[in-house]
Amino acid sequence: MGFKLEGMQELLKKLETLGNEAEQVKQEALIAGAKVVQQAASQKAPRDTGKLAENIVISDMKEDGTVDIGPDRDRFYGLFVEFGRKAGAKKGRKYPKADPHPFLQPAFEENIDRVQDEMADVIRRELRL
């Protein structure tokens, strides 16, 4: 799951006046918003062992201005929890069907206002508004 710094057009226009510092401010704002989703996803994640909930990570900002939020590589199975899985077989192993139990998407959707507020707060602070 990823999301991008969008909206808040007035603040973004003012950011452009910062020149080279604008990218740093955008990154800080994006990470601030991503932390909200990370915390909410951790709270919503299943807790069979607690490993999934403890290992929800935020990627570095990509060139397209996005970050990914989700389980770390060792907890890739969290994506099967989120999206489910069809029954199948691979290398002699059988995999049962698994119904989806979303925790990432709801964490984002239920906190979108808080995400935007956190991002806007960072931008305002940096612009000293």
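How are helix 2 and helix 6 oriented to each other, roughly parallel or roughly antiparallel? They are roughly antiparallel (angles over 145 degrees count as such).

## Model and conventions

This is a predicted model, in which local features need pLDDT of at least 70, side-chain atom pairs count only at pLDDT 80 or more, and totals for chains, interfaces and linings use all residues. Residues are numbered from 1 along each chain as its sequence is written, and side-chain values use heavy atoms, with hydrogens and water left out.

## Overall fold

The chain has 6 helices and 5 strands. Both are DSSP runs, numbered from the N terminus: helices are H or I with at least four residues, strands are E with at least two. From the N terminus, the order is β-α-α-α-β-β-α-β-β-α-α.

The chain holds 129 residues, and 36% of them count as buried (under 20% relative accessible area, 1.4 Å probe, protein chains only). Its accessible surface comes to about 8700 Å² (Shrake-Rupley method, 1.4 Å probe). Carbon and sulfur atoms own 47% of that surface. Take the contacts (heavy atoms within 4.5 Å) between residues at least 6 apart in sequence: 59% join residues at least 24 apart.

## Helix 2 against helix 6

Two packed helices are described by the angle between their axes and the distance between the axes. Helix 2 spans residues 21-44 and helix 6 spans residues 112-127. Their angle is about 150 degrees, and their axes are 8 Å apart. Axes are lines fitted to C-alpha atoms over the stretch in contact, and angles run from 0 to 180 degrees between N-to-C directions. The crossing is right-handed: the near helix is turned clockwise from the far one by less than a right angle.

Helix 2 contributes residues including Val25, Leu30, Val36 and Val37 to the contact. From helix 6 come, among them, Val115, Met119, Val122 and Ile123. By class, the contact has 10 nonpolar, 2 polar and 4 charged residues. Ala, Val, Leu, Ile, Met, Phe, Trp, Tyr, Cys and Pro count as nonpolar; Asp, Glu, Lys and Arg as charged; the others, Gly among them, as polar.

## Two loop residues

Asp72 sits in the loop between strand 3 (66-71) and helix 4 (78-83). Asp72 counts as buried because its relative accessibility is 17%. Beyond residues up to four places away in sequence, Asp72 touches Asn55 and Val57.

Ala87 lies in the loop between helix 4 and strand 4 (88-90). Ala87 has a relative accessible area of 56%, so it is exposed (over 50%). Leaving aside neighbours within four places in sequence, Ala87 contacts Tyr95, Pro96 and Lys97. The C-alpha atoms of Ala87 and Ala98 are separated by 7.4 Å, with the two residues 11 apart along the chain.

How values were computed:
Parallel < 35°, antiparallel > 145°, perpendicular 65-115°, else oblique.
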